[in-house]
Amino acid sequence: MSYPYQIKSIEQYHEDYKKSIEDPEGFWSKIAENFQWRKKWDTVLNWNFTEPKVEWFAGAKLNITENCIDRHLPSMANKPAIIWEPNNPEERTRTVTYARLHKRVCQFAQVLKNNGVKKGDRVCIYMGMVPELAYAVLGCARIGAIHSVIFGGFSAQSIADRLDDASVEYIITCDGAFRGGKDIPLKSIIDDALIGNKTVKRVIVYTRTRIPVSMIKGRDVWWEDEMLHAEDQLEHNGVIDFPAEIMDAEDPLFISYTSGRTGKPKGVVHSSAGYMLWTNYTFVNVFQYKPGDVFFCTADIGWITGHSYIVYGPLSAGGTSLMFEGIPTWPDAGRFWDIIDKYKVNILYTAPTAIRSLMSYGLDPLKGKDLSSLRVLGTVGEPINEEAWHWYDEHIGKKKCPIVDTWWQTETGGILISNLAGITPAKPGWATLPMPGVQPVLVDEQGAPSISPEGEALTKGNLCISLPWPGMLRTTWGDHERCRTNYFATYENLYFTGDGALKNEEGFYRITGRVDDVLNVSGHRIGTAEVENAINMHAGVVESAVVGYPHDVKGQGIYAYVIMSQKHGDDEQSKKDILQTVTRVIGAIAKPDKIQFVTGLPKTRSGKIMRRILRKIAEGEMQNLGDTTTLLDPGVVEEIKKGKL
Ligand code: PRX
């Protein structure tokens with residue numbers, strides 16, 4: 001496999017960048033020639049950000065799994081596509097070659113067909129990190145069904161909301177999942193999510209932990225039985241194949257739910273062709289992937305990072321993707337380093353929160369681990385503080401591996417701003433330069449282009465993008481208007497990211513964090529409104545306000561101010577009850593780190609909560625709280641300050 005579009009020098013980066021902005025259609029159609037199409041496109045790009053409407057390669061026909069699997073078979077059938085490391089290091093590892101991946105994905109596509117799944121149907125996947133999860137994702141893509149993968153940490157209620165939102169008819173799950181010392185009863189959580197559900201017809205259950213599960217006749221079937229049956233059906237002279245559904249370039253490939261400022265999480269919809277190009281192009285260029293490299297992305301496939309950089313990016317490039325079932329600190333904090341040593345990993349892509357957590361264990365877990373195979377390191381999901389950056393550089397990369405700080409979002413499909421490993425310069429804490437095709441714009445609150453104050457080198461503003469790129473979201477499931485108001489209505493003719501950023505004289509970008517009420521906890525996006533709604537569901541809670549505060553490991557912690565009309569037991573018991581409620585409603589990832597009981601919240605006369613004040617107090621800033629004269633009752637601020645945790 002060769003990548004003729006891989007950028008090899010900084011000069012080439014500048015040249016390609018210029019071409020991509022001046023002539024996006026020419027630039028991307030040339031890159032698209034490197035993929036396998038059933039029919040080429042009629043037009044390269046149709047767009048306007050008012051509706052919004054974005055179409056890349058309209059009229060083209062393809063199936064992404066033919067690009068991720070079939071086209072590699074003639075030359076790479078026996079090359080590892082996925083290397084799987086189980087949670088328990090004592091358990092046997094698995095290597096899935098491209099030939100094996102083809103067979104399993106075809107078999108699973110047949111399983112889906114046998115169970116009634118058709119092109120365009122929504123399939124929810126709620127599994128642990130086992131290779132079967134990748135087969136399930138790709139099996140859906142092969143038959144043209146739209147997958148919606150839900151992270152194993154979400155509660156039954158969150159799953160139920162997502163099933164409902166997309167009228168899901170099919171679920172693929174496991175009996176349970178191993179994660180560190182815990183076994184998570186996935187099927188039982190699905191059973192709870194299905195109470196009262198009217199749309200789901202079939203649940204396919206893969207056996208992983210073999211905990212007892214209830215299997216409902218007529219609805220639940222075992223993965224293993226179904227796969228055997230499909231194998232018998234497909235086997236033809238020793239060859240197994242399932243013809244891929246021919247998809248339009250713009251047919252939806254998947255839905256990924258993510259939190260916003262308001263209401264429930266929204267289903268971000270990605271397309272087939274544009275998403276494929278984007279994940280492949282960014283994978284090959286940002287990480288400077290070379291055929292044969294072992295690429296280890298530590299994310300979970302339940303999040304977009306896993307979709308783009310465990311499955312679609314690496315596989316479309318004929319790469320080897322390492323998939324890890326467990327967590328970085330189990331059985332001890334040397335687990336990542338063991339894995340790198342064991343499989344001679346060349347590229348490690350992880351989150352700053354994982355780096356900070358591992359840093360806190362000191363250097364002992366690194367002793368005796370050979371990390372010399374590493375060539376490139378990456379970070380994703382949140383700003384990286386300089387201390388963590390230098391630790392990663394010194395102790396993991398041994399100062400010889402470029403670190404790419406990749407900024408992107410669920411909505412962007414893949415990386416938008418990042419240095420290219422060893423090609424363009426790195427700067428600690430800075431995502432640096434935009435990818436070709438990406439035109440960032442910094443604007444002030446009114447939407448006017450930001451200008452750096454006289455004598456200052458930095459420009460500051462809200463980060464927007466002015467041109468469509470192939471991997472961008474197309475809509476939010478079932479509610480296009482929500483897509484428009486969330487991303488395209490704040491500033492005319494711009495996609496608004498929700499992030500603030502700085503730009504320096506070299507044109508480098510530094511992402512400063514969300515400017516809306518969205519938190520980033522351990523690299524996970526959580527809406528404050530969502531957490532408040534969950535807390536408010538607890539009996540006795542009158543009102544709550546949630547803000548973020550700096551947290552040494554998580555990046556941001558969740559601070560909740562809660563007014564209660566009545567408590568059942570003492571404060572500590574009530575706090576535990578609230579945490580339990582949040583765990584039930586959203587999942588453990590949204591549990592507040594601190595809960596402060598208050599008798600009132602700082603509100604303006606019109607009843608709006610002054611979050612700015614609450615945020616400052618949670619951050620420990622007691623003095624410069626700004627103007628509090630407009631508050632209905634300035635007295636509450638003093639009370640809140642006194643009770644700060
Ligand atoms: O605030 C930015 C932050 O994570 C948000 C996107 O979260 P999510 O959709 O869950 O996607 C995570 C995987 C890409 C962004 O709006 N973010 C992501 N990467 C970075 C970052 N902040 C700073 N630096 C980054 N490299």
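In this predicted model, strands β19 and β20 (residues 403–406) pair in parallel through four bridges. Within this pairing, Val 380 lies opposite Thr 406 of β20. The chain passes from β19 to β20 by way of helix α14 (residues 386–396), and this β-α-β crossover is right-handed.

Strand β19 also pairs with β18 (residues 347–350). These two strands run parallel and are joined by four bridges. Here Ile 347 faces Val 376 of β19. A right-handed β-α-β unit is formed by β18, helix α13 (residues 352–359) and β19.

Strand β19 spans residues 376–380, and five of its five residues are buried, so the strand is largely enclosed by the rest of the structure. In a regular strand, side chains alternate between the two faces of the sheet. Both faces of β19 are covered. Val 376, Gly 378 and Val 380 are buried on one side. Leu 377 and Thr 379 are buried on the other.

Helix α18 (residues 611–618) has buried residues at Arg 611, Ile 613, Leu 614, Ile 617 and Ala 618. Viewed down the axis of α18, the buried residues fall within an arc of 160 degrees, so they line one face of the helix. Their packing partners are helices α16 (528–536) and α19 (635–642), together with strands β28 (541–551) and β29 (555–564). Gly 620 follows α18 and has a positive phi, near 90 degrees.

Key. Residues numbered from 1 in each chain as written. Predicted model: local features only at pLDDT ≥ 70, side-chain atom pairs only at ≥ 80, totals over all residues. Heavy atoms only, no water. Buried < 20%, exposed > 50% of the residue type's maximum accessible area, 1.4 Å probe, protein only. Pairing = 2+ DSSP bridges. Right-handed = clockwise from strand over helix to strand, strands pointing away. Arc of directions from axis to C-beta. Contact = heavy atoms within 4.5 Å.
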